[in-house]
Amino acid sequence: MMLYPAMNKLTDQVPNRYLLVNVVARRARQIAQEAEDNGEKTTVKPVTLAIREVAEGKISQTAREAAEEDIQE
């Protein structure tokens, strides 16, 4: 089974797998909330969209830092 995007591409953006899970989860919740607030129906799952954003480098350093804070709490 092939994963897309490849895990090594994701870990290039977020080097720690545990942090990667937290970054993706946080962004997926944001995507889902934005869609709900706007009354939009998403055809692609929010987690898939979040993973694609990480792979494309669209996740900012502040998003990573916020996820790190969640881990420390």
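Me: Before we start, a salt bridge is a side-chain nitrogen of Lys or Arg within 4 Å of a carboxyl oxygen of Asp or Glu. How many salt bridges does the structure hold?

Reply: First, a heads-up: this is a predicted model, where local features need pLDDT of at least 70, side-chain atom pairs count only at pLDDT 80 or more, and totals for chains, interfaces and linings use all residues. Residues are numbered from 1 along each chain as its sequence is written, and side-chain values use heavy atoms, with hydrogens and water left out. One of the bridges pairs Glu56 with Lys58 at 3.1 Å, N to O. The count for the structure is 3.

Me: Arg27 and Glu53 meet in a salt bridge, but which helices are they in?

Reply: Their side chains come to 2.6 Å, N to O. The pair links distant parts of the chain, 26 residues apart. Helices here are DSSP runs (H or I, at least four residues), numbered from the N terminus. Arg27 sits in H2 (residues 17-38) and Glu53 in H3 (residues 46-55).

Me: Is Glu53 buried or exposed?

Reply: Buried means under 20% relative accessible area, exposed over 50%, and partly exposed in between (1.4 Å probe, protein chains only). Glu53 has 18% relative accessibility, so this residue counts as buried.
For Glu53, then, the word is buried.

Me: Which residues do salt bridges with shared partners join into one network?

Reply: Arg27 meets Glu53, and the Arg27 side chain also meets Glu34 at 3.7 Å, N to O. Glu34 is partly exposed, at 42% relative accessible area. The network is made of Arg27, Glu34 and Glu53.

Note on methods. Helices (H or I, at least four residues) and strands (E, at least two) are DSSP runs, numbered from the N terminus.
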